[in-house]
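Q: Please take a close look at one part of this model. I would like a connected account, with cut-offs given for the terms used.

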Amino acid sequence: MNARRPEFGVPAVARTLAWLRFSAVIGQTATVLFVAGGLGVPLDEPHLYAGIATLGVFAMLVAWRLGQDWPVSAGELMAHVAIDTIVLGWLLYQTGGATNPFAALLLMPITLVATALSPRHVIAVALMSLGTYLVLLRWNQPLPPLGANLHVLGMAMSFLISAALLGWFISRLSLVLRDNQALAQRIRERALRDEGFLAIATQAAGAAHELNTPLSTMRTLITELRREYTEGVLAEDLALLDSQIERCRDSLRELVAVGKAQLAQASERRQLGDFVAECSHRYGLLRPEVALAVDLPDAAAQLAILVPAGLRHALLNLLNNAADASVANQADRIALQIVLDGDTLEFHVRDQGAGFAAGMDAALGNPFHSSKSTGLGMGLALADATAERLGGTLYARDNAGSGVETVLALPLRPLLEPGRDAVAPASPEIVETVPNGKDRTPAADR
């Protein structure tokens, strides 16, 4: 998990102001006690404590309000800043006005508002602070002579507070800027990836149209040959070749069906158990040499979902990649676990491979990047694109030398039928597809 990154916006600035407001109440109270009680400087303490109490009550009201569901608007944030400026102006009026070293704190609201609001709001706050300062120049309650040393101490404290706040804000802004640059880079990379997918889809559509005729011809010839050779090894080979041709034709039909469903934004209504069973069956046809253990809770199997276009292919790509990793490590088993985690449906695919190769974790989801010599580098990229389109995520983690676990996590609510809620997971049931002993079906490069 990544560390929480700072953010800027109207809600974030409102929360920052709320925290600074409570800090100001504590600091102002301590300052009055120190100057009036510790140094014996005569101050109008009732009026000062009244202003501080007003700010404290307002701080508690704002803290309660920020805990509510309705959003904070720019106008409301401006009202918060206006009240803070008025209270600060009142305290400065009682303590020397513009000659008070802490008058420089009138600049802080401008810094805060500049990080979240439009230039016109910043100008309004700047005029508000400038107007308050000009009023304090003309009207104020003068302080008794404090001596040069005390005035310099006040200026030093004001400078320290201003420097700390400005340094904090600027560092947060720099982090946000770097995050935004990284986000822009990811968006550019995704745009390039989508362009590549579009080019491949165009070529795939043309190839599907062109391959249909030769596949039909091959199917006709294979049927005639099987009539002539009904026994022996050649008959078995012809049967296998016939099944492979039929698989190719089914893939072409599904390619067209998925394309139509994608254009129509149509989803297929299925029970989760039936969907997983279908994917397991198709995987067994693709990779009979690698067993698949399915961990599906009984209650989750009865969950009716709307299967979006592309989800089946994404899951099969993950299973096929896991099978390749297991075979490369002399293993013959992979696992699929379905988990209902709150409002998230997760498909966990575990292989028994050697783990991540150097750089593969960083390349997860990048198109045309493959650790297999015969791979096209499209399987994970297509699964990642499908997860992103469905509002989910795709990530992988190395299981410390015992293979890789790839997780496809999707938000559950869009997948549920109208009027149905998620069900709680029950005790898992283990279903296993067993290899049929025939190791002659070639693995599809996905």
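Which residues does the UniProt annotation "transmembrane region" cover?

A: According to the unreviewed UniProt entry, the annotation "transmembrane region" covers residues 12-36, 48-67, 122-139 and 151-170. UniProt positions follow the numbering used here, feature names are shortened, and annotations may be inferred rather than shown by experiment. The model is predicted: local features need pLDDT of at least 70 and side-chain atom pairs pLDDT 80 or more, while totals for chains, interfaces and linings use all residues. Residues are numbered from 1 along each chain as its sequence is written, and side-chain values use heavy atoms, with hydrogens and water left out.

Helices (H or I, at least four residues) and strands (E, at least two) are DSSP runs, numbered from the N terminus. Residues 12-36 are 100% helix and 0% strand, with end C-alpha atoms 36 Å apart. Helix α1 is given as residues 10-38. From first to last C-alpha, the 29 residues of α1 reach 40 Å, close to the expected 42 Å; the expected span is 1.5 Å times one less than the number of residues. Residues 48-67 are 95% helix and 0% strand, and their end C-alpha atoms lie 29 Å apart.

Elsewhere, helix α7 (residues 233-264) contains Asp-242. Asp-242 is buried at 9% relative accessibility (buried is under 20% relative accessible area, exposed over 50%, partly exposed in between; 1.4 Å probe, protein chains only). Neighbours within four places in sequence aside, Asp-242 is in contact (heavy atoms within 4.5 Å) with Arg-219, Ile-222 and Arg-226.
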